[in-house]
Amino acid sequence: MTTDSSNPYDVAPYQSYCYEFTSPDHLHTIGRLFGMRPPDYRSARVLELGCASGGNIVPMAERFPKARFVGVDLSDRQIARAKALAATLALKNVDFHALSIADLPEDIGTFDYIIAHGFLSWVEPDIQAALWTLLARRLGPGGIALVSYNTLPGWHAARPVRDMLLYHCARFDSPADKVREASALLEFILAAAPQADESYRQLIRRELDLFRKADPSYLLHDHLEAANHQFYLHEAVAKLRAVGLEYLGDAHLPRMYRMNLPAKTAQSFSNAADVTVLEQYLDFLNNQRFRISLVVHKGTELNRSLDRARIREFHLASRLQPRDRVPIDLARDQAVPFEAPGWPGFTAQRRAAAALLLVLSERNGRPISAERLIAEAAALAKIRDHKSVAETLIDMGMPLALSGMLTLHAEETPDTGVVSSRPVGFRPARVLARDQAFVPTARLTTVRLDESQRRVLSMCDGTRDHAALQRESGAPAVGPLLAGLARDGFLIG
Ligand SMILES: C[S@@+](CC[C@H](N)C(=O)[O-])C[C@H]1O[C@@H](n2cnc3c(N)ncnc32)[C@H](O)[C@@H]1O
């Protein structure tokens, strides 16, 4: 890759989104879970490699004003955008460098957290090697790095689609033409080859679905990018161990746990000595396609035995909602089913369990400390003995967290969850909503907004009441729209 206009990220910048799982508070949380005492994320030095237009670290710099952030990317055009965004927000705690990671200045120092999301698979082997060396040299003591990559065996299945699209789209010049023609080709194949075998059709349908949900830059820089290298977990682990690093875990806990397998299969892994061996087999079973590996220095003291009582050390959030829209009787124990789209769901058998999940569901994904959760659930179910509610949380909390239906956090997020009389939106969201559909929340997640939502959000600076927002934005019904923005984590006042 070069710095001239042949750099594909200068020609068509990557849509730069915010990912909460890359945030230093999340890395800190996973480190604590596995027995580390990682550096305080609120005052940490954080480096992002391949930071694109700053869509990830600028919202983080806003959220953690005492931490210092450095973003590095080879693309001048993207770094110019990142700098402009930080300048618009007058952020003093973030710097950007338009450089190859192989050319970082010697005096850049070390970092408590290093993020290389969407990087390793998209660079050639010399830069991959530079990444592993850089992590070994630039990760400070007790620090945690994140490296994500396209993974095998899952990517094997997608390869024929990538190969066919690369071949087909080579004859088109502009990124817009390539994106349009790629989808058109897949749609054509689906329509014109009705007799093709069903597994092939399923593969095409799945990739088309992915394109439709994602921004066009995903298609350009994943399937159509010249560099797209895929690795087995064991290959990435061998590389990081060779430079004196060690595997901590995955940023997404369910990718690590055998209890997410059928009982008999899980049993067969109970003796795996090295967690990475177990996880490699999990990848074979799940046909894993992407991984977000966390990395520490070799010799870092870790404790992987997850005592259930430790759930009380964390802030907790969940997307689970009661399945049935009927009032729940919390005066007695009964089965209450909870569900979340894309998850297996959970049925609370005891009233304390139902109360805990109800408190979480009313917060719509906003983290709450375990102690406050216990107190609020006890009050809701009118249970005087808080100890029994705490025991219920200890009983179900860790299994739910390892299955992904409960998430662990370091602290409460700044969004209020309610709509005030003069709403205030998260500042990076207000700025970015003017130009893009995928907008960062105060929880550091990314949510796709429609045009009315974007217009209203960009006006939520605390000076306008609902009538003014309605009048000036021309949005059809500002009340439900603001409620949606509050629910998704955009409103901080
Ligand atoms: C697939 S994009 C991912 C961007 C972002 N991290 C994300 O996940 O949204 C890869 C990024 O790496 C940058 N890049 C490629 N080679 C690089 C190098 N040698 N040094 C620094 N950045 C590089 C590209 O310009 C691009 O912005």
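The model is predicted, so local features need pLDDT of at least 70, side-chain atom pairs count only at pLDDT 80 or more, and totals for chains, interfaces and linings use all residues. Residues are numbered from 1 along each chain as its sequence is written.

I start with the domains. There are domain 1 (8-152 + 232-297), domain 2 (154-221), domain 3 (308-409) and domain 4 (427-488), with bounds that come from an automatic or database domain assignment. Taken over C-alpha atoms, the centres of domain 3 and domain 4 are 30 Å apart.

A word on naming: helices (H or I, at least four residues) and strands (E, at least two) are DSSP runs, numbered from the N terminus.

Next, strands and a helix. Strand S2 (residues 68-73) runs parallel to strand S3 (residues 94-98), and five bridges join S2 to S3; two strands pair if DSSP finds at least two bridges between them. Val70 has Asp95 in S3 as its bridge partner. With helix H4 (residues 76-88), S2 and S3 make a right-handed β-α-β unit. Right-handed here says that, with the strands pointing away from the viewer, the path from the first strand over the helix to the second runs clockwise.

Now helix packing. Helix H10 (residues 233-242) packs with helix H12 (residues 275-286) at an angle of about 150 degrees, and their axes are 9 Å apart. Axes are lines fitted to C-alpha atoms, for helices over the stretch in contact, and angles run from 0 to 180 degrees between N-to-C directions. That angle makes H10 roughly antiparallel to H12; under 35 degrees counts as roughly parallel, over 145 as roughly antiparallel, 65 to 115 as roughly perpendicular and the rest as oblique. On the H10 side, Leu233, His234 and Val237 meet Thr276, Glu279, Gln280 and Asp283 of H12, where contact requires C-beta atoms, placed from the backbone, within 7 Å. The contact of H10 with H12 has two nonpolar, three polar and two charged residues. In these classes, Ala, Val, Leu, Ile, Met, Phe, Trp, Tyr, Cys and Pro count as nonpolar, Asp, Glu, Lys and Arg as charged, and the others, Gly among them, as polar.

The second pair is helix H13 (residues 351-362) and helix H15 (residues 386-403), packed at about 75 degrees with axes 9 Å apart. That makes H13 roughly perpendicular to H15. Ala352, Ala353 and Leu356 in H13 meet Ser388, Val389, Thr392, Leu393 and Met396 in H15. Here six residues are nonpolar, two are polar and none is charged.

On to the sheets. Two bridges pair S10 with strand S11 (residues 336-339), and Pro322 has Phe338 in S11 as its bridge partner.

Another open sheet, also antiparallel, has the order S13-S9-S14. Strand S9 (residues 315-317) and S14 are joined by three bridges, with Thr407 in S14 as the partner of Ala317.

Last, the backbone. Most residues other than glycine have a negative phi, and most peptide bonds are trans. The peptide bond from Leu152 to Pro153 is cis, with omega near 10 degrees. Ala52 has a positive phi, near 50 degrees, and lies in the loop between strand S1 (45-49) and helix H3 (57-63).

Definitions and conventions:
Contact = placed C-beta atoms within 7 Å.
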